[in-house]
Amino acid sequence: MSRCLLWVIGQPVVLASVALMLGVGGARGQSTHLLVVSGLGGEPAYKDLFYNQATTLLDAARERWGLSDAQLSWLAEDQSSAPDRIVARSTRENVHSRIGELAGRVDSQDQVLIVLIGHGTQSGGESKINLPGPDLTASDLASWLDAFPTQTVAIVNTSSASGGFLPVLSRERRIVVTATRSARERNRTHFGSFFVNAFSGEGADADKDERVSLLEAFSYARLEVERLYSRDNRLQTEHALLDDDGDGEGSMEPGLDAGDGRLASRFFLAVERPAVAEQAVDDPELASLLERKRELENAVVDLRARKDEMDPGAYETELEALLLELASTNRAIRERDERP
Amino acid sequence: MRRRLLMGLLALAAPLPGCAQTEGTSDIAVAEAAIRAGRYEEAISAYRSLVRAGVAFPAASRGLARALGAVGRYEDAIEATRSSVAAHEGTAELDHTLGILLRDTGDLAGAEESFRRAIQVGASDALLAELELGRLLHHRGEHEQAVGIFDRFIDVYNASPGLSAQELAAVGTALVYLGIRDPALFHDAVRAYEEALRADPGDPDIKVRFGELFLAKYDSREAGGLFGEVIAANPNHPGALLGMARRAKFDGSSEALELTQRVLETNSTDAGAHAFLARLFLDLEDVASAEEEAQKAIEANPASLDGWTAMAAAAHLRDDPDAFARARDRVFALDPRNADLYNALAEVSYRNHRYADAVSFARQGIERDPLSWQSYSLLGLNLLRVGEIEEGRRTLDAAFEGDPYNVWVKNTLDLLDGFDRFRETRSPRFQFLIDGGESDLLSTYALGLAEEAFDAMSARYEYTPPTPIRIEVYPRHADFSVRTVGLAGLGALGVSFGSVLAMDSPAARSQGQFNWGSTMWHEISHAFTLGYTDHDVPRWLSEGLAVLDERHARPGWGSDVAPDFLAAFRDGQLPSLERFNYGFVRPRYPRQVQHSYYLASLLCEMIEAEEGFDAVRRMLDGYRDGLDTEAVFERVFDADLTAFDERLERYIQTRFATALSALGSAGPEAGAPDPESFAGQLRRGAELYGTGRAAEAIPYLERAKTLFPEYAGPDAPALMLARIHREAGRPEPAAAELRAYTALNENHFQAHMQLAELEETLGSPRASAAVLESAVWIDPYDLALHERLADLSERTGDVAGAVRERKALLALDPVDRAEALFLLARAHHAAGQRAEARRAVLGALEIAPGYEAALELLLRIREEGPSDGDPQPASR
């Protein structure tokens, strides 16, 4: 289903306000910065795969989620493959300098997403990703990321054997995603492709808020990896982890109710939906409706958190009442929007 | 505190010298070498010379008796032994030897007297005689006295460091008996046998006994190694050959028959071999041959418990209560505490699908001997087969405590532990147990198909089996295999124990390996034929009817004919009606089991086509009345089996006339086929297509199709023609080819998906949906399939189909669960199921409260007014 269309009883209806609610450029306040590092491919097939993953993610970030070019950086093995887009070769030194440069210009409340694409290994007790020249180690990255003292930083390592990065990088205000649960899972991974698809395709927006959180992207990719191995009747050789509570222990199934997942659920490429707010400034009635809508959505979330303590019948009755009011409010917003 | 062997480190580590008796060049050594190599006549001659010369006593006399016994000349052996006793002034040195000969020919009183005399007088082999006395008492039901004797062997071992190899082996055997009460002692038995073999590494009899211990403890590999060592040195060793035959039966190998027959070539009066052969025939449902062999065993040894047991089992299968009672009474006269009779009856009953009988017999086994762990094991496993899960589990726990080496019991208990993750769903006549991870998905389809099968077969057989029929569906093939036979590695897809069925889930195998719908239909058919005949139907008939029932259920279901089947028919490899079961139970070549299914189905198909299905019902009546196959054919068709064999041959000749004539001299898989044959035309067509000359390939492929229209292999000409037409943009002929192909092949997922796409291209969404519905029985986990089917159902107004498919998509645990729930709600709403629609849309909005389309649908459902069962929302 297209993001710009709303299916109402089988008929597509264009909703101007919904369209405007999509994440578009120029987010106020908090911004998200994306740094993609694609490492050595080795075989041509992997070079192509890593190239495609990087470009797909960067395209989605810009065209779909509204990040500006200034918010995007890409370091890659071969700069000549996309000279207009790749800012430098993905050497260890360039990664270091790019992180330093980024740390110097981001605002204190900004978010930073670093995505590592490539082949991973472990040697000498150190987890690494293969880059042109010296490899990048988890310890390197851990020390460089200290340059972001107030910002929320997410690192997604899609490489094989990436599980070793997680305990080294885990910190407060830090989200660490690895494609494998340990450095021993050394086979090629599929997590990266699905992770990128979560932002570029349909299906990852589980809560239908028109945005894809890092938690949603992780869950989507994890489930699709499971489905892939199951469909092919193969033993699963990669088990992705997410850690965002700083305890150095990743979760395979993070969520709002689990130890890991809360911070990732609030981490988006598109930080806000500013168009709606801007529009509401000029229309107090619409602003009131939107405010009521937000209250009701929050009330549903609160109710859901109390579900296990409630009588199922009472829970369902209360849920339906909230949702019916939410539906009426939503309809009113739409009718208001459709007024000439 | 448990008494154990005090196995000194020195004793374990230090290799003992070889048998002194075999060293040097003495005549006795020559004779011993001959007997160990299986040159029995040479050994007899050598020993006899020594006996006549009056030298090497008592070894020569003992050797002569052993050699004569090995070739079945028991009377000569007894006479020679008694002559030697007389010649040596009534010596007791030969009493142990004489006792064994008397025991093996059924004179148990004489045997006991001999053993006791050897012990009393203190013969040099008194310890061996003591072991045999203990065994004799044990097999006579005097367990406590026997245990007293066996127990002494531990003291003997611990007090006597210089035991001979045979004495050490006797210690091992005594420990095997003691192990019934204390399973830890089996480890000590192993150590005693190992020490015995260090003392005499070449003793074949010790190796055989050691191998028998391993086999009794379910270790086929170790047992096979020991039996194999003996056979390598002596290809005619009766004990090793029989051990190897037992091992083959354990492994399900067809070699068991041949190996047992080899024993009888050396010793035609070996009671144990005849009794074992009888058991093999019982497994083949060949009761007449079984009785013949059991009779031979009894003639050779009137006290043969195995012989009388086989006789009782044959009488039971023949439904002859008088003969059964005679045999049973004889067993209990010999051994009043014999549980093995009931264990054998339970096992034979299980193998002949009489699971309730198996339960009853195993219970009687426990009553006879409360220490018969085999009875507990058989009771537990068969209770599970008749659906008594909790009692089965308790019984298996008891079995495992008594015999912790039983791999069947261990595996099954592990499986039962995993039952917690299974979920139960029910329909009017079925109870499904499916893994929780796929229960929602599979139940969506399985319940409806099972009910459809029940209705179809009730009408066809004019019979309804007991309900509910329990169907267990296993996502791991190893679990299904354990549920069925207690071990991993079973090749089957499903099994029917009557009203309890078990089968592989589609997750257990790769896509295209099987059709889970036709498999379920097949197993339900067994529930009808087994129930109809009170579990007295030969396997070939039950399987043949099940395959035929599949063919009646859906186009393409029920095995299609394979070229190698026709080649086997042409080459006369298919069994006659009299030996149909052999093809299932003891296949002689790798594909014979599959061929047997198809052959049996053709016989059933012929009978239905030419005599009407009423004739099939009358056959089942005959089996239920206890008739054997010959009598059934006589009663129903007034024909003998040979005449029916000829009739079936004519039917197959006619039905596959074209394909048989086009088969050529070699099958399609063989190299360089006749260019005019089916295989030749197919190969030429494939070559041309493979080199880009598709248009030139078409006539060859068309010709191949004409020559063998039933061929549905993965390289079928129809499949290749469909591809050529699709690539050339000709959807009509491509679809026609795929329609024909999928009407023969029930497993080819891609062919179904391509045909569905073509049908849609050709403007036939309903036909497309029908093909996709067939494909669900090949691979229900394919998201794209369900999405297409849901979409087609919605477009063609099949609201029930749309709901089913949306449910399936939800059951596949989609990442976007909110959307899946919303689309399900929409399908329910379109079907007028507002209560279900409300529940589904609330589920969607619970996940995604801002989901606008779902909010709008919820509002609309409420605006349409409440439906039955809807609670009213609280006012806010």
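Strand β6(A) and strand β10 (residues 152–157) of chain A run parallel and are joined by six bridges. One of the pairs to look for puts A:Ile114 opposite A:Ile155 in β10(A). Keep in mind while you browse that this is a predicted model.

**Chain A: β6 and its neighbours**

β6(A) also pairs with strand β3 (residues 32–38) of chain A, again in the parallel sense, this time over seven bridges. There, A:Thr32 stands opposite A:Gln111 of β6(A). How covered is β6 (residues 111–117) of chain A? Seven of its seven residues are buried. In a regular strand, side chains alternate between the two faces of the sheet. In β6(A), A:Gln111, A:Leu113, A:Val115 and A:Ile117 point one way, while A:Val112, A:Ile114 and A:Leu116 point the other way, and all are buried.

Chain A also has an open sheet of three strands, in the order β7-β8-β9, with antiparallel pairing. Its edges are β7 (120–123) and β9 (136–137) of chain A, each of which pairs on one side only. Strand β8 (residues 126–129) of chain A pairs with β9(A) over two bridges in the antiparallel sense, and A:Ile129 has A:Leu136 of β9(A) as its bridge partner.

| Strands | Sense | Bridges |
|---|---|---|
| β6(A) and β10(A) | parallel | six bridges |
| β3(A) and β6(A) | parallel | seven bridges |
| β8(A) and β9(A) | antiparallel | two bridges |
| β3(B) and β5(B) | parallel | five bridges |

**Chain A: a charged residue in a loop**

Is A:Asp205 buried or exposed? A:Asp205 counts as buried because 22 other C-beta atoms lie within 10 Å. This residue is found in the loop between α6 (191–200) and α7 (214–231) of chain A. Leaving aside residues up to four places away in sequence, A:Asp205 touches A:Glu210, A:Arg211, A:Val212 and A:Glu216. A:Leu215 is ten residues from A:Asp205 in sequence, and their C-alpha atoms are 10.0 Å apart.

**Chain B: the overall picture**

Chain B has 46 helices and five strands. Its C-alpha trace spans about 110 × 80 × 55 Å along the principal axes. Of its 876 residues, 55% count as buried. If you take the contacts in chain B with a separation of 6 or more, 55% of them are between residues 24 or more positions apart.

**Chain B: the sheet**

Five strands of chain B make an open sheet in the order β1-β2-β3-β5-β4, and the pairing is mixed. At the edges sit β1 (422–427) and β4 (494–496) of chain B, each pairing on one side only. From one strand to the next, the twist averages 15°. Inside this chain, strand β3 (residues 469–474) and strand β5 (residues 500–504) of chain B pair in the parallel sense over five bridges, with B:Met503 in β5(B) as the bridge partner of B:Val473. Helix α27 (residues 516–532) of chain B packs on the sheet and touches β3, β4 and β5 of chain B. The direction of α27(B) makes about 15° with that of β4(B).

**Chain B: a helix pair**

Two packed helices are described by the angle and the distance between their axes. For helix α41 (residues 765–776) and helix α42 (residues 783–795) of chain B, the axes come within 9 Å and cross at roughly 145°. The crossing of α41(B) and α42(B) is left-handed. Residues making this contact include B:Leu772 and B:Val776 of α41(B), and B:Leu785, B:Leu789 and B:Leu792 of α42(B). By class, the contact of α41(B) with α42(B) has eight nonpolar, two polar and three charged residues.

**The core and the A–B contact**

The largest nonpolar core holds 354 residues, and B:Ala314, B:Phe822, B:Val841 and B:Ala844 touch the most other members. Helix α10 (residues 165–178) of chain B gives the largest share of this core, ten residues. What does B:Phe822 touch, not counting residues up to four places away in sequence? B:Phe822 touches B:Val841, B:Ala844, B:Tyr851, B:Ala853, B:Ala854 and B:Leu857.

Where the chains meet, the contact takes 26 residues from chain B and 35 residues from chain A. On the chain B side, the elements giving two or more residues are α44 (817–830), α45 (834–847) and α46 (852–863) of chain B. The largest share of that side, eight residues, comes from α46(B). Sorted by class, the side of chain B that touches chain A has 16 nonpolar, two polar and eight charged residues.

Notes. Residues are numbered from 1 along each chain as its sequence is written. Chains are lettered from A and ligands numbered from 1 in the order in which they are written. This is a predicted model: local features need pLDDT of at least 70, side-chain atom pairs count only at pLDDT 80 or more; totals for chains, interfaces and linings use all residues. Two residues are in contact if their C-beta atoms, placed from the backbone, lie within 7 Å. Helices (H or I, at least four residues) and strands (E, at least two) are DSSP runs, numbered from the N terminus. Ala, Val, Leu, Ile, Met, Phe, Trp, Tyr, Cys and Pro count as nonpolar, Asp, Glu, Lys and Arg as charged, and the others, Gly among them, as polar. Axes are lines fitted to C-alpha atoms, for helices over the stretch in contact, and angles run from 0 to 180 degrees between N-to-C directions. A crossing is left-handed if the near helix is turned anticlockwise from the far one by less than a right angle, and right-handed if clockwise. Two strands pair if DSSP finds at least two bridges between them. A residue is buried if 20 or more other C-beta atoms lie within 10 Å of its own, exposed if 12 or fewer, and partly exposed in between; C-beta atoms are placed from the backbone. A nonpolar core is a set of buried Ala, Val, Leu, Ile, Met, Phe, Trp, Tyr and Cys residues joined through C-beta atoms within 7 Å.
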